Amino acid sequence: MPLNSFKQLNSLPSTSNSESSVEEVEIDMGSAVATQEPSLAPLSGDSGTQPVGRNNNGSSTTSKVEALRQVLERHQHERHLVLLQDFPDPDALSSAWAYQLIAQQYDLQCDIVYAGTLSHQENIALVKLTGLPAQRLPVQTAKSKDLSGYKGYVLVDNQGTTSQLLSLVLEAGLPLISVIDHHSLQGELKPEFADIRPNVRATATILTQYLQTGLLVLDSSVGQHVKCATALMHGLRSDTSSLMQAQEEDFQAAGFLSRFYDYQLLKAVLQTNRSKRVMDVIERSLKNRIVQNNFSIAGVGYLRYDDRDAIPQAADFLVTEENVHTAVVYGIVHDEDEELEVVIGSLRTTKLTLDPDEFLKEAFGQDNQGRFFGGGRSGAGGFEIPMGFLSGSNEISAYAKMKWEVFDAQIKQKLQRLVNPQDSPIQTE
Ligand SMILES: [Mn+2]
């Protein structure tokens, strides 16, 4: 099976639940899609007169909070699974934690799980230093796990398309309780509660708004609250390039968190060092990069599964070069346990008019089941191309080299089609 993919969810069975009123919670495709593009559009002028956290669809956070409260009440005393993307980032981790703390008040236990690994040194530090309760649940382990104790599942900072655990949860017949995310709508989902706002820069902002409206009253004398607020601040900062890409709502959320978070703790999380192997990948990306029309493109060859996060870090670095507005870094990630290989890539852009989601979908298209190989949010995106039958057999170095060269050339070809404005269906100038 593919290591991971950005699946479309059109084939999802509807999770109609006799107890839930599906009609009031179905995601409104129209409005969600309509809010996707002008991600830097100024907030509407009257937002100052609205209650805290007025979102861009015009409905207030207050009504969302009320809807969530009702859903949580309906599920009191249950146990739910919170699925994160396979390689969760600080935004996902902190938001899931806040959700868990909110749910706890309804005697609703949430287990936060991810199938991959915390490969970024800052994420490992975040989890260790704050005691963040996320657990790794590899697919093999999950397959033998009895999921019948769970009465539903929740998606935070993702819509299931980046989690290998989704198919298992669906097989187990668990209903989708809540989806809280800021990525573009990935497909049709029918959760009991949905709050998907592509115009908000971080899911942590959405969860902070929930806290701010009193869904959970933060208390700075409670250690866990301080740590969760610190994690949310980190999540919010990391999804907004240290607040540089933050919008009014994100700043308001950060302002609220500033009353509770622990500055020293955040500093400790941020000061963790890169491993030598990550440095080596960044070095490779520097050496191999090709700069063309302000795009920097670099293939870094083979990487170990645990070093996967070196790819986005290399892209973060390459995009800082003068005259570069967009960097794409990719490599072949080798999972020794499962003998699987997958091409993983990251895109970073500072160009406001470049939509990474649109760009990557256009560059790499879909597989034969209609699933896109890539997607993204404002400023960042990623792609994953399973290598299937070509996986493994790298003992013969000439073969491994040849395989890399083919993939490298193919990816460059696909990207260059868009990088060159003459033939480009997407404006890249
Ligand atoms: Mn996020």
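Guide: Two residues are in contact if their C-beta atoms, placed from the backbone, lie within 7 Å. In this predicted model, local features need pLDDT of at least 70 and side-chain atom pairs count only at pLDDT 80 or more, while totals for chains, interfaces and linings use all residues. Residues are numbered from 1 along each chain as its sequence is written.

Visitor: What share of the contacts in the protein chain with a separation of 6 or more comes from residues 24 or more positions apart?

Guide: Such residues account for 72% of those contacts in the protein chain.

Visitor: How many helices and strands does the protein chain have?

Guide: Helices (H or I, at least four residues) and strands (E, at least two) are DSSP runs, numbered from the N terminus. Here the protein chain has 15 helices and twelve strands.

Visitor: Which strands form the open sheet, and in what order?

Guide: Two strands pair if DSSP finds at least two bridges between them. In this structure six strands form an open sheet with mixed pairing, in the order S7-S8-S9-S10-S12-S11. The edges are strand S7 (290–292) and strand S11 (374–377), each of which pairs on one side only. S7 and S8 run antiparallel and are joined by three bridges, and Val291 has Ser296 in S8 as its bridge partner.

Visitor: Which helix packs on the sheet, touching S8 and S9, and at what angle to S8?

Guide: Axes are lines fitted to C-alpha atoms, for helices over the stretch in contact, and angles run from 0 to 180 degrees between N-to-C directions. By that reading, H12 packs on the sheet where it touches S8 and S9, and its direction makes about 140 degrees with that of S8. Helix H14 (residues 356–364) lies across S10, S11 and strand S12 (380–386), and runs at about 170 degrees to S11.

Visitor: Is helix H13 mostly covered or mostly uncovered?

Guide: A residue is buried if 20 or more other C-beta atoms lie within 10 Å of its own, exposed if 12 or fewer, and partly exposed in between, with C-beta atoms placed from the backbone. Helix H13 (residues 310–318) is mostly covered, since seven of its nine residues are buried, among them Ile311, Pro312 and Leu318. These buried residues pack against helix H12 (276–288), strand S8 (295–304), strand S9 (326–335) and strand S10 (340–349).

Visitor: Why is H9 largely enclosed by the rest of the structure?

Guide: Of the 17 residues of H9, 13 are buried, so this helix is largely enclosed. Just after H9, Ser241 takes a positive phi of about 50 degrees.
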